[in-house]
Amino acid sequence: MVTFASALTGPVPASPVPAHWAQPDGRITLRTLILIRWVAVLGQLAAVTFVNLGLGFPLPLGPVLAAISASALLNVVAMTQRGGRLRLADRDAALYLSYDMLQLTLLLYLTGGLSNPFAILLLAPMTVGAAILSRYSTVLLTGLNLICLTALALWHFPLPWEEPVRSMAPLYAFGVWLSLTVSSVFIAGYVFRVAAEARRFADALAASQVALAREQRLGALGALAAAAAHELGSPLGTIAVVAKELARDLPPDSPYGEDVELLQSQVMRCREILADLARKPEADGGDPFERLPLTTLIEAAAAPHRLGHIDFAVEPHPVGEAEEPFLRRSPEIIHGIGNFIQNAHQFARHKVTVAAAWDGRGVTITVMDDGPGFPPHLLGRIGEPYLSVRGERSGPKGQTGGGHMGLGIFIAQTLLEKTGATVRYTNNPPDGTPPADQAAGGHSNQGGTGARISVRWKTINAKK
């Protein structure tokens, strides 16, 4: 659908502009911009009425009211488009805000330029744009704002006053222009950065929810398979009994003998399939309240990600005489630990080790590989969304695993933190500190012999 802003500008020829300018799914609805503009129109009318009638200051009422009426007319026309519910593309939103900036510039030009106390409002459209527009559009809108400020500093009507007012001193006028210019650049950059960071985290959290939903569906599918295997066992047993009796009652030369043998063989095949379904790891963990021993839980999380050419070992490290705890086989834990183990397999040279330590109060799972380790300068940022270390952390034979968005570790950490865990990222110390010492709290950020990810739960429920 062609928006009103597109109609104002006419056909836009093909040009090397970002593709997101034409995307119909923008970050703001037309209704929001319409509401903001109605507030601006009412505020402008109130200011003009107070200055002209209340204070008695002379104003060029014709041009001023014409500029305000143009905004009101544009709003009325925009409201005819689906009642303003249309989501604006990036380009259309930029055009709407550009109009607001130009309209306010015209009003300030007619009423004193930068000496008008309301000149600060020229930063408002740019601030809104920085929060919702792309980087490209924000830069263009900020540039337009600087042009408007410069034009108002050089050309404007006198400030409305009861008697003629001398123009601002050139140095003071330059100071006002400079302050507004610096403010516009700073506010645009600051608001854009904060808004972009908020959008990135929102997208990453949405990806975490998708991953969790997938794990929950897999768990539910396993439970369904186990239930189906159990329910089908009874009728299948009846069929087997009937087939056996038929085989016993048929004479040796009966033409139906082969058919009965085929029926018995297929019944046995069905029994094997159902038994296999009942034994699958997904079925074992289908019940979200089922609890498994810690080492068994690690094996279940690692099963889909193990590679044949990489050795994998789970090493228990109990502290004292503490019994091995049982943990709930939740989708969050399975996906989170499984992701860390998968990541370790992708970068390991020969072996991946998972150390499981417990002391009666807490549990620590440490995933270690013998690969190149995490880049030291990124250790403090690992776990942030869209941060991928694959370009710097080469895997076997120099493979970097390009094309990854850097969401895997963030999703795993987010899901594990929902269960009450804390996650730490370090590199294996060169002195070979044993896993039990690492689990107890010792760690090193110095690098060298592989990456190490520690997941710790401070409190556990060891009841079976």
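Residues are termed buried when their relative accessible area is under 20%, exposed when it is over 50%, and partly exposed in between (1.4 Å probe, protein chains only). The model is predicted, with local features requiring pLDDT of at least 70 and side-chain atom pairs counted only at pLDDT 80 or more, while totals for chains, interfaces and linings use all residues. Residues are numbered from 1 along each chain as its sequence is written, and side-chain values use heavy atoms, with hydrogens and water left out.

Helix α2 (residues 30–54) comprises 25 residues; helices (H or I, at least four residues) and strands (E, at least two) are DSSP runs numbered from the N terminus. From first to last C-alpha, α2 reaches 35 Å, close to the 36 Å expected at 1.5 Å a residue, the expected span being 1.5 Å times one less than the number of residues. Its buried residues are L30, L33, I34, R37, V41, Q44, V48 and V51. These pack against β1 (28–29), α3, β2 (87–88) and α4, contact meaning heavy atoms within 4.5 Å. Just after α2, G56 adopts a positive phi of about 75°.

Helices α3 (residues 61–79) and α4 (residues 90–110) have axes that come within 9 Å and cross at roughly 165°. Axes are lines fitted to C-alpha atoms, for helices over the stretch in contact, and angles run from 0 to 180 degrees between N-to-C directions. The two helices are therefore roughly antiparallel (angles over 145 degrees). In their contact, P63, V64, A67, I68, A70, S71, L74 and A78 of α3 meet Y96, Y99, Q103, L106, L107 and L110 of α4.

In helix α11 (residues 331–347), 15 of the 17 residues are buried.

Terms used
Angles under 35 degrees count as roughly parallel, over 145 as roughly antiparallel, 65 to 115 as roughly perpendicular and the rest as oblique.
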